[in-house]
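Open the structure in your viewer and keep the selection panel handy. We will go from stop to stop, with a word on what to look for at each.

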Amino acid sequence: MCGIFAYLNYRVPQTRKDIFTTLLKGLQRLEYRGYDSAGVAVDGTGKDDKNSICLFKKKGKVKALDEELYKNDSLDMDMELDTHFGIAHTRWATHGEPSAVNSHPQRSDKNNEFVVIHNGIITNYKELKKYLVSKGYEFESETDTEVIPKLIKYLYDNRESNCVSFSTLVERVIQQLEGAFALVFKSVHFPGEAVATRRGSPLLIGVRSQYKLSTEQIPIQYNSGDSRIDIQNKNYINKVDSSNALHSVHDRMAVEFYFASDASAIIEHTNKVIYLEDDDIAAVAEGKLSLHRMSRSAGEDPVRVIQTLQMELQQIMKGNFKAFMQKEIFEQPESVFNTMRGRICFDTNTVVLGGLKDHLKEIKRCRRLIIIGCGTSFHAGVATRQILEELTELPVMVELASDFLDRTTPVYRDDVCFFISQSGETADTLMALRYCKERGALTVGVTNTVGSSISRETDCGVHINAGPEIGVASTKAYTSQFVSLVMFGLMMSEDRLSLQKRREEIIDGLRKLPELIREVLALDKKIKSIADELYQQKSLLVMGRGYHYATCLEGALKIKEITYMHSEGILAGELKHGPLALIDYHMPVIMVIMRDACYIKCHNALQQVTARQGRPIILCCQDDSEISKMAYKTIELPHTVDCLQGILCVIPLQLMSFHLAVLRGYDVDCPRNLAKSVTVE
């Protein structure tokens, strides 16, 4: 996940310093979306070439870029520009490690003829890159994004006439792109013009003018024909016809446009915004904003209405959420989808993890799988151990990295070792990785951070694509790690005829998963009401078995981390071996009892709890009347395939921990004594 921001001032004089301030402040508002590198593109000095573009890019946070800009004495910061278009980007790396050359804007060539900022992932970039290299285009970065400016330059260099508009070129570019993107383009060939488009990634446009605007809703312009002549004529007409465009009605036509991934970057400038839909192309030329689409679908809204944001800047930084952790819990429908995007084909029931593809034969020949992690990452391994054993038909060990090292565990050349870490820098996991490499095992990284130590030092890996996680207590990274490991199991079992029915069941469950997560999140108010009863307690037990032992461990960890209550995840099968002594009327107990292979056994554990006057709060399937009769409270969840049910069951516990922490008056995002990335042993 990255942050896009761009600013176009048309006949609104601004000094270069003012423009830089606007661009950098916009990036700082978006820094929660990515913060490993940043960059801006602005018009050049105008001494040698009035249409030149200057790029400034820097590894690190936006502050580092800010300092770099003001060290540069080649630009006249006090120079006033009547019309100017600048673009800016803060990056969360997905392809290529954080560096100046990998940061955005990405460029078409050394003359910066076309530059682009991108949020998303281009899944077919390798094929496009291969084609463009064959045509003589040179690449300088490791990013997927670089194919976009190179492709638009290729189309410009091979245009049929000089009348082709900027928006037409962009239209032709996006027809070749697969994956998700929000894009903003700038070019020396189209000075003072901007083109933006999106598919799958958010993008909105803010409009500000001290004068009246021409319209409150912008009609979409559709292509009437497929021939290049039709497209060429249409674009020429659009450029001069103001009836289809948004602009200032004043003689001077002064207006400002802001492009951003999130309203947090726009709200301090204007509350008038237009939300782009997938495959919309927004073009600004001569101070007029027009919207284009390739074709019209049935039931599609033919206009985009200017909306008024009803929110304050402080609110919108986290949306309507009280903390980043809460925001990240509610982002899980999207983060889980992003983990699967481009990797699962639901039509053919195939799964391809690109980072593992070249090592798949070697993995299939191994004698066992070892999954190594700490904290939440360890729990993701526990949660998926059973389904991995079933799908791979291999023994699976799940190890805490620190204990694994303490025991000097035997590791062999025919072992495959997975190292799970959100940050990719967890010290114990990194030490375990080096221990396994020394012994010749194949090493696989499962991380959320491109360019991290674990992603660099492993033989191959999976990037979970959950987006930046700011809250210290991990939420969406856990569910994305869970899904990534399940996808690995599906990839390993693709040629096993006896497992095809099971695979189809799981893939169908993954397809429905984002919508089921939304159903669970809708229970937030009910979970809050239960938290209202529990927040003054000193201890809390969480019980389950089978697939849900990991759910209990993870739920108890979340409660410990941010509420500072004692909490314990207990395997329900161990209840009679000690933990039952803790049960009485006053001890809060949460039990996970879903309709799966362990249902009867969990029911027996429930009877043991209620026989000791326990008052269990039960996570159960919808319409399970038998369980409801024995429960003090129930949280009824939608049912899915057994090996994915843990994702739906952990979310109420994440929400519970959040509400308990708020009620107890603690800082949810920054719990005491803890840090997001544990880089010491």
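Predicted model: local features only at pLDDT ≥ 70, side-chain atom pairs only at ≥ 80, totals over all residues.

**Stop 1: a helix pair.** Select residues 125-134, which form helix H3, and residues 147-157, which form helix H4. Their axes come within 10 Å and cross at roughly 45 degrees. The crossing of H3 past H4 is left-handed.

Now show the side chains where the two helices meet. On the H3 side, pick Tyr125, Leu128, Lys129, Tyr131 and Leu132; on the H4 side, Val147, Lys150, Leu151 and Tyr154. Sorted by class, this contact has 7 nonpolar and 2 charged residues, with no polar ones.

Stop 2: Next, select residues 166-174, helix H5. How many of its 9 residues are buried? The count is 9 of 9.

**Stop 3: the cores.** Move on to Phe418, Phe488, Ile506 and Leu510, which touch the most other members of the largest nonpolar core, a set of 90 residues. Centre on Phe488: beyond its neighbours within four places in sequence, its contacts include Leu353, Leu356, Ile363, Leu369, Leu388, Thr392 and Phe418. Finally, another core of 34 residues lies apart from the largest one; select Ile4, Tyr10, Ala196 and Ile274, which are among its members.

Technical notes. Residues numbered from 1 in each chain as written. Heavy atoms only, no water. Axes fitted to C-alpha atoms, helices over the stretch in contact; angles between N-to-C directions. Helix = DSSP H or I, 4+ residues; strand = E, 2+ residues; numbered from the N terminus. Left-handed = near helix turned anticlockwise from the far one by under 90°. Contact = heavy atoms within 4.5 Å. Nonpolar A, V, L, I, M, F, W, Y, C, P; charged D, E, K, R; others polar. Core = buried A, V, L, I, M, F, W, Y, C linked by side-chain atoms within 4.5 Å. Buried < 20%, exposed > 50% of the residue type's maximum accessible area, 1.4 Å probe, protein only.
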